[in-house]
Amino acid sequence: MNRLQTGVPRRTVIEAWLKYDAAKKRCALPDFSTWPWESADGLDEQLKGYGFKHGIIAGYLSWTLNALTLDDLRECAVVNQPIPGHPRCLGQLEGTPELEAWRPDRPTSWYEPLSACGVLQQDAPLVLRPSVRSELPARWYLEDGSGRALAIIQTARNRTVGQIVAYAYIADSPDDASTFMQCQFADLLQLGGRGLE
């Protein structure tokens, strides 16, 4: 994993991710100028109020920006809905008939370019956090970008070893004051946000 920047504040991550997500959903970006950037709970309320995913993205104070290779993506877990009843770790899904047959369940702007061995650019960041016990042996969990990561892994055999395939913000320093983190990811708080490596 190629770490490009450390100590990225959550405001930078939330704004970058919302720009991507709002464009994907074809909705207007909210006015960030009055958001409570020091309060995870306040940010969660804003995100929920505008219909965006909340929780982890507000539950970390700082992040790292990384360039990812296929080997990095192989260490990531995805949600279980795309390929139910199968491993969630991309490295375990790679090459299976179920992954080969997988397609997004709605039209997307990213599937065809990624199927042609495209690369996710920095303006379309993945969002990762450390894995928890139910996601092992994965090292990371894709909070946003499971479908895009599946599309990249589908084409692994056609890619160059060591090729950068995506950019991601990776959760680094959790916010102990986040109610979401206290209720949903107390184990990550206890481990300082590092996960179960």
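Author: Cys117 sits in the loop that runs between H7 and E4, where helices (H or I, at least four residues) and strands (E, at least two) are DSSP runs numbered from the N terminus. The model is a predicted one, in which local features need pLDDT of at least 70 and side-chain atom pairs count only at pLDDT 80 or more, while totals for chains, interfaces and linings use all residues. Residues are numbered from 1 along each chain as its sequence is written, and side-chain values use heavy atoms, with hydrogens and water left out.

Although Cys117 is not a glycine, its phi is positive, at about 65°. Cys117 counts as partly exposed because its relative accessibility is 23%; with a 1.4 Å probe and protein chains only, buried means under 20% relative accessible area, exposed over 50%, and partly exposed in between.

Strand E4 covers residues 126–130 and runs antiparallel to E5, to which four bridges join it; two strands pair if DSSP finds at least two bridges between them. Within this pairing, Val127 has Asp144 of E5 as its bridge partner. The loop between E4 and E5 holds Pro137, and the peptide bond that joins Leu136 to Pro137 is cis, with omega about 15°.

E5 itself spans residues 140–144, and because five of its five residues are buried, the strand is largely enclosed by the rest of the structure. E5 also pairs with strand E3 (residues 76–77), here in the parallel sense and over two bridges, with Cys76 opposite Trp140 of E5.

The largest pocket holds about 1,000 Å³ of space. On a 1 Å grid over the protein atoms alone, a cavity is a set of points where a 1.4 Å probe fits but cannot get out, whereas a pocket is an open set with protein on both sides within 12 Å along at least five of seven lines, and lining residues have an atom within 4 Å of a point. Grid points are joined across faces, edges and corners, and the volume is the space filled by probe spheres set on the points.

Of the 35 residues that line the largest pocket, Lys24, Arg106, Thr108, Trp110 and Gly147 lie nearest its centre. E5 is one of the elements that give two or more residues to this lining, as are helix H1 (10–25), helix H7 (111–115) and helix H8 (146–154).
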